[in-house]
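This report goes through a protein model, from its fold to the charged contacts of its side chains. Please keep the sequence and the structure in view while reading.

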Amino acid sequence: MSEESEPAAPAGVRIVVEYCEPCGFESTYLELASAVKEEYPDIEIESRLGGKGTFEIEINGQLVFSKLENGGFPYEKDLIEAIRRARNGEPLEKITNSRPPCVIL
């Protein structure tokens with residue numbers, strides 16, 4: 001009988017990020033996707049074009065972050081934590097912290 005040190009379900013985590021391309025949110029998606037891939041190289045992350053002002057993140061079909069609700073973008077650490085919970089089979093909670101969108105003066 002062997003014991004595994006890693007949780008046995010990394011392939012089961014799927015992330016979909018829906019964002020507004022005309023709003024210029026693609027760069028935020030790419031930064032977030034890069035941070036996720038750095039932490040979890042085996043995670044599947046997919047982008048989808050959304051409506052005006054959107055930046056929504058689903059993990060395994062569950063909405064965990066909505067820019068429309070929060071008014072900003074998620075912190076990478078919060079998303080990484082949500083992915084860790086999903087990998088471990090723990091219940092997901094909505095990410096309510098957000099950083100304000102960048103403002104160019």
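## Basis and overall fold

Helices (H or I, at least four residues) and strands (E, at least two) are taken here as DSSP runs and are numbered from the N terminus. On that basis the protein chain has three helices and four strands, and their order along the sequence is β-α-β-β-β-α-α. The model is a predicted one, in which local features need pLDDT of at least 70 and side-chain atom pairs count only at pLDDT 80 or more, while totals for chains, interfaces and linings use all residues. Residues are numbered from 1 along each chain as its sequence is written, and side-chain values use heavy atoms, with hydrogens and water left out.

A residue is called buried under 20% relative accessible area, exposed over 50% and partly exposed in between, with a 1.4 Å probe and protein chains only. Of the 105 residues in the protein chain, 37% count as buried.

Two strands are said to pair if DSSP finds at least two bridges between them. Strand β3 (residues 55–59) and strand β4 (residues 62–66) run antiparallel and are joined by four bridges; I57, for example, has F65 in β4 as its bridge partner. The two strands form a hairpin with two residues between them. N60 is found in this loop between β3 and β4, and its phi is positive, at about 50°, although N60 is not a glycine. With a relative accessibility of 41%, N60 counts as partly exposed.

Strand β2 (residues 44–49) includes L49, which is exposed, with a relative accessible area of 54%. L49 and E18 are 31 residues apart in sequence, and their C-alpha atoms are 5.5 Å apart in space.

Side chains of opposite charge can pair when their charged atoms come close. The rule applied here asks for a side-chain nitrogen of Lys or Arg within 4 Å of a carboxyl oxygen of Asp or Glu, and by this rule the count comes to nine salt bridges. In one of them, E46 pairs with R14, and the closest N and O atoms are 2.4 Å apart. This pair links distant parts of the chain, since E46 belongs to strand β2 and R14 to strand β1 (residues 14–19), 32 residues away. Both partners are partly exposed, E46 with a relative accessible area of 25% and R14 at 35% relative accessibility.

Which side chain meets that of R87 in a salt bridge? The partner is D42, at 3.2 Å from N to O. Because R87 lies in helix α3 (residues 76–87) and D42 in the loop between α1 and β2, the pair ties together parts that are 45 residues apart in sequence. R87 is buried, with a relative accessible area of 11%, whereas D42 is partly exposed, with a value of 42%.

## A salt-bridge network

E81, R84, R85, E90 and E93 are linked in a network of salt bridges. Within this group, the side chains of E90 and R84 meet at 3.3 Å, N to O. E90 counts as partly exposed at 28% relative accessibility, and R84 is likewise partly exposed, at 30%.

## The negative surface patch

Patches are made of residues with over 30% relative accessible area and no salt bridge, where like charges are joined within 9 Å and nonpolar side chains (Val, Leu, Ile, Met, Phe, Trp, Tyr) within 5 Å. Asp and Glu count as negative and Lys and Arg as positive, with His and the chain ends not counted; the charge is placed at NZ of Lys, CZ of Arg, CG of Asp or CD of Glu. Accessible areas come from the Shrake-Rupley method with a 1.4 Å probe, and for residues only the protein chains shown count as cover.

E31, E38, E39 and E76 gather in a patch of negative charge on the surface, to which helix α1 (residues 26–39) gives the most, with three residues. E38 lies in helix α1 and is exposed, with a relative accessible area of 69%. E39 can also be placed against helix α3, where I80 lies: the C-alpha atoms of I80 and E39, 41 residues apart along the chain, are separated by 7.6 Å. I80 counts as buried, at 16% relative accessibility.
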